[in-house]
Amino acid sequence: MESRTAAAQADETTGRLADQLLRLNRRLHRAQRHHLEPLGITPAQARLLRTVSHSETPPRMADLAQRLDVVPRAVTTLVDALEAHALVRRVPDPANRRVVRIELTDDGRATLQRLRQARRAAAEDLLAPLDAAQREALTALLAVLDTAPGRC
């Protein structure tokens, strides 16, 4: 009987943690949207800009779709919007002229800096109640989860 109670408590704790993580994730996304709004960039566009910036060479559209885990058409829509704002440009692949690669423009790099500041401000909104020691402890705990092998 006692082990059943312990298992039930563990299940309840796990459920509460899952609910808390989901709520905090939604709050962080709302805060990010709020901070991104003045830049005229959607969270999806910001994610694409970050992905392009982390690529060693300008990625192909198919590479972006795979990295973002979206259908290629979604990447086309995002690139179209970012290109209209002169934040990215399509360039031919030097090895294969039929392949199109996506690279950041100077304005795109500057916008990426502002996006990083907006993300930090959104995180600060969420983390404001925590002192430095609590933030360090949370960082350590999340690192364990982030590096643990997952099933997803």
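**A buried threonine, a helix pair and a nonpolar core**

At 8% relative accessibility, Thr 105 counts as buried, because residues under 20% are placed in that class. The model in which this residue is examined is a predicted one. Thr 105 lies in the loop between β2 (100–104) and α5 (106–127). When its neighbours within four places in sequence are left aside, Thr 105 is in contact with Ala 86, Leu 87, Val 88 and Arg 89.

Attention may now turn to a pair of helices. Helix α3 covers residues 61–68 and helix α4 residues 72–84; their axes come within 9 Å and cross at roughly 110 degrees. That angle makes α3 roughly perpendicular to α4, since values from 65 to 115 degrees fall in this category. On the α3 side, the meeting residues are Met 61, Leu 64, Ala 65 and Leu 68, while α4 contributes Pro 72, Val 75, Thr 76 and Val 79. The residues of this contact divide into 7 nonpolar, 1 polar and no charged.

Val 75 leads from this contact to the core. Leaving aside its neighbours within four places in sequence, Val 75 is in contact with Met 61, Leu 64, Ala 65 and Leu 68, and also with Leu 48 and Val 70. The largest nonpolar core has 21 residues, and Val 75 is one of those that touch the most other members, together with Leu 48 and Leu 49. Two or more residues of this core come from each of α2 (43–53), α3, α4, β2 and α5. In soluble globular proteins, nonpolar side chains tend to be buried together.

Conventions. Residues are numbered from 1 along each chain as its sequence is written. This is a predicted model: local features need pLDDT of at least 70, side-chain atom pairs count only at pLDDT 80 or more; totals for chains, interfaces and linings use all residues. Side-chain values use heavy atoms; hydrogens and water are left out. Axes are lines fitted to C-alpha atoms, for helices over the stretch in contact, and angles run from 0 to 180 degrees between N-to-C directions. Helices (H or I, at least four residues) and strands (E, at least two) are DSSP runs, numbered from the N terminus. Angles under 35 degrees count as roughly parallel, over 145 as roughly antiparallel, 65 to 115 as roughly perpendicular and the rest as oblique. Contact means heavy atoms within 4.5 Å. Ala, Val, Leu, Ile, Met, Phe, Trp, Tyr, Cys and Pro count as nonpolar, Asp, Glu, Lys and Arg as charged, and the others, Gly among them, as polar. Buried means under 20% relative accessible area, exposed over 50%, partly exposed in between (1.4 Å probe, protein chains only). A nonpolar core is a set of buried Ala, Val, Leu, Ile, Met, Phe, Trp, Tyr and Cys residues joined through side-chain atoms within 4.5 Å.
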